[in-house]
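Please keep the sequence and the coordinates at hand while reading.

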Amino acid sequence: MTVQTGIRPLSVGRRVKDRAVQGLVYLAFAIAVVPLVSVLWMVISNGLKRFDIEFLTHSMRNIGARDAGGGAYHAIIGTLEQVLLASLIAVPIGLLTAVYLVEYGNGGRLSRMISFFVDIMTGVPSIVAGLFVLAFWILVLGMPFSGFAGALALSILMMPVVVRSTEEMLRLVPNELREASFALGVPKWRTIAKVVLPTAFTGIVTGVMLAVARVAGETAPLLLTVFFTDSINEDPFNGPQMGLPLYVFGQSGLPQDVAIDRAWTGALTLILIVMLLNLVARLISWWRSPAKRG
Amino acid sequence: MATSLPKTEGGPALSRSAYRRSRGDVPFRFLSTASGVVLLAIMAAIAVFLVVKAIPALQANTSHFLTELTWVPNATEPVFGIGALAFGTVISSFIALVVATPVAVGVALFISHYAPRRLASVLGYVIDLLAAVPSVVYGLWGVTFLVPFMLGPSTFLNDYLGWIPIFGGDSVVGKSMLTASLVLAIMILPIIAAISREVFLQAPKIQEEAALALGATRWEMIRMAVLPFGRPGVITAALLGLGRAMGETIAVALIFPATFTISFRILSPNGNSIAANIANGFGEATDVGRGALIASGLVLFVITLVVNTAARLIIARRKEYARAAA
């Protein structure tokens with residue numbers, strides 16, 4: 001080894017390599033953004049063609065594939081009901097599971113097992129969740145195709161997301177708060193209900209909203225459980241319903257231009273709903289982020 | 001964390017307040033434990049009910065389920081097998097992975113080490129948006145834009161690189177294995193990028209600074225301090241992306257030409273996947289047909305289970321990654 005005095009300039013080879021990698025990294029980001037821009041641009045430009053009052057207030061009843069007009073009211077109603085029902089099932093179970101993992105589990109065998117299977121459950125393909133509800137709810141129990149069956153499938157996809165995000169938020173709650181509450185003689189369950197959960201509340205809401213946004217766009221499980229209908233069915237417990245993703249899938253499989261236009265507008269409506277949920281989630285987390293609270 | 005909490009039940013003398021405490025605690029503890037158990041039960045039920053409904057169809061099958069290529073479960077003499085579907089699922093996901101991983105790692109490095117600090121989180125959010133687009137929208141985009149668009153590049157590949165077997169073949173179409181794989185690649189890119197980014201951000205700062213202080217260029221610093229640290233995380237991210245690609249349904253259901261052949265010619269009109277076949281075949285399926293689709297779903301469930309478990313086992317060995325994959 002030679003001791004060098006002063007700083008020698010970088011050799012050309014090293015400098016070129018450094019610049020080349022920098023170029024590649026920038027290129028990778030550009031490549032990733034291209035499809036996003038393309039998708040969003042096409043959805044907006046094609047979707048606006050039919051984004052009118054009729055689309056938002058009418059169903060597809062008595063409208064043939066070749067007819068212009070028609071709308072997605074039945075699908076919007078269906079999606080909102082299905083997602084709401086799915087949340088009503090998944091959020092309490094997910095929340096309580098997270099409470100178990102953080103407050104009661106203590107790293108025991110059961111909690112490690114649940115934790116592991118929550119991870120595995122995150123990876124269950126959405127179509128498999130749909131097949132499960134089809135096999136269990138519709139084929140074995142003999143229930144009809146309905147919005148509720150779709151909600152069951154969606155809730156399976158929501159649960160692990162809710163558990164993971166809630167768990168993370170609960171672990172951020174400082175232990176001092178719990179200890180202070182115990183020192184005042186407050187029982188553990190009241191400490192959790194009155195101190196821990198309220199402290200983590202905004203974070204939990206954000207996680208739930210992101211989970212809702214994730215399942216709102218799911219098509220595959222609905223295909224097997226909700227089935228198709230062109231009419232308005234406001235009762236999620238009886239008879240086939242429609243969902244916005246299903247509507248887009250159905251229309252985009254047709255060769256007619258009017259159907260494709262409807263599919264684009266359906267896609268625009270769906271993206272607006274999903275983006276809105278995402279935005280609300282981000283706003284809530286930004287508004288009450290721990291960093292801001294200080 | 002919770003382990004350091006004092007025990008709330010018990011104590012030397014069971015006072016009145018301690019009694020009230022446990023009276024409220026027992027149901028609450030029971031409820032939360034039960035919720036966790038419900039989750040486990042659902043996972044078990046998925047496996048059980050898929051098996052239960054698949055068995056009658058498998059018994060009616062007149063061919064061997066694992067090796068048969070064709071899929072005619074609705075005939076009076078049902079013949080169906082997972083062969084071609086499983087092949088298509090694995091190959092399309094694998095191509096998607098090969099395409100998406102380098103780009104995703106580049107994106108992750110860009111956000112963690114190249115982009116200006118202030119912009120990084122915004123740019124990260126832009127990439128996350130890719131994951132927020134519903135899969136049916138990718139399907140619609142794929143069918144109306146990417147399928148016709150890919151005809152040009154595919155013909156080019158076939159003309160000039162046709163001597164490589166996978167680009168060979170006489171007929172070149174837009175609705176090909178390659179197009180479907182590209183859509184899958186776009187869909188799994190944000191997942192791989194997000195996990196890799198978290199891992200790269202956790203690389204020890206002190207080593208990065210040491211490398212820079214010794215005169216390393218930025219790339220040399222990344223190669224010496226960031227990439228070795230992040231490798232298991234990137235592998236996990238890729239496996240999770242692979243699992244997601246295999247289960248992806250609607251986008252590829254619209255693009256795959258839905259054939260039941262095994263061919264490595266990714267530009268020719270062949271290709272299908274388990275999930276796409278379920279979505280396309282469910283409408284006209286009879287009882288046996290539904291059972292057959294459920295049987296194929298069971299295979300998909302098992303494959304994704306294996307891939308995801310492998311990913312989780314890699315991550316479990318490095319505790320510091322645990323947050324990144326959540």
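Two residues are in contact if their C-beta atoms, placed from the backbone, lie within 7 Å. The structure discussed below is a predicted model.

## A contact set across the two chains

With its neighbours within four places in sequence left aside, B:Val137 is in contact with A:Val39, A:Val43, A:Val248, A:Ala267, A:Leu270 and A:Ile271. B:Val137 also belongs to the largest nonpolar core, where it is listed with B:Val107, B:Val183 and B:Leu189 as having the most contacts inside that core.

The core comprises 189 residues, and helix α5 of chain B, residues 177-201, supplies the largest share of them with 18 residues. Because domain 1 (16-50) and domain 2 (54-293) of chain A both give residues to this core, the core lies between these two domains.

## The interface between chains A and B

Chain A brings 83 residues to the contact between the chains, and chain B brings 78 residues. On the side of chain A that touches chain B, the most is given by helix α1, residues 12-47, which contributes 19 residues. Sorted by class, this side of chain A has 58 nonpolar, 14 polar and 11 charged residues.

## Chain A

The secondary structure of chain A consists of 12 helices and 0 strands, and the pattern along the sequence is accordingly α-α-α-α-α-α-α-α-α-α-α-α. The radius of gyration of chain A is 25 Å, well over the 19 Å that the globule rule gives for 294 residues, so chain A is more spread out than a compact globule. Taken along the principal axes, the C-alpha atoms of chain A fill a box of roughly 85 × 65 × 35 Å. Of the 294 residues in chain A, 51% count as buried, and among contacts between residues at least 6 apart in sequence, 75% join residues at least 24 apart.

The domain assignment divides chain A into domain 1 (16-50) and domain 2 (54-293), with 29 Å between the domain centres when these are taken over C-alpha atoms. Contact between the two domains involves 6 residues of domain 1 of chain A and 8 residues of domain 2 of chain A; by class, the side of domain 1 that touches domain 2 has 2 nonpolar, 2 polar and 2 charged residues.

## Chain B

Chain B has 10 helices and 2 strands, and from the N terminus on its elements run α-β-β-α-α-α-α-α-α-α-α-α. For 326 residues the globule rule gives 20 Å, whereas the radius of gyration of chain B is 25 Å, well over that value, so chain B is more spread out than a compact globule. The box filled by the C-alpha atoms of chain B, taken along the principal axes, is roughly 80 × 65 × 30 Å. In chain B, 48% of the 326 residues count as buried, while 74% of the contacts between residues at least 6 apart in sequence join residues at least 24 apart.

## Annotated spans in chain B

An unreviewed UniProt entry places the feature "transmembrane region" at residues 30-58, 78-111, 123-152, 172-195, 249-267 and 292-315 of chain B. Residues 78-111 of chain B are 85% helix and 6% strand, with end C-alpha atoms 53 Å apart. Residues 249-267 of chain B are 32% helix and 0% strand, and the end C-alpha atoms of this span lie 20 Å apart.

Key:
Residues numbered from 1 in each chain as written. Chains lettered and ligands numbered in written order. Predicted model: local features only at pLDDT ≥ 70, side-chain atom pairs only at ≥ 80, totals over all residues. UniProt positions renumbered as here; feature names shortened; annotations may be inferred. Helix = DSSP H or I, 4+ residues; strand = E, 2+ residues; numbered from the N terminus. Rg over C-alpha atoms; globule rule 2.2 N^0.38 Å. Buried ≥ 20, exposed ≤ 12 C-beta atoms within 10 Å, placed from the backbone. Domains from an automatic or database assignment. Nonpolar A, V, L, I, M, F, W, Y, C, P; charged D, E, K, R; others polar. Core = buried A, V, L, I, M, F, W, Y, C linked by C-beta atoms within 7 Å.
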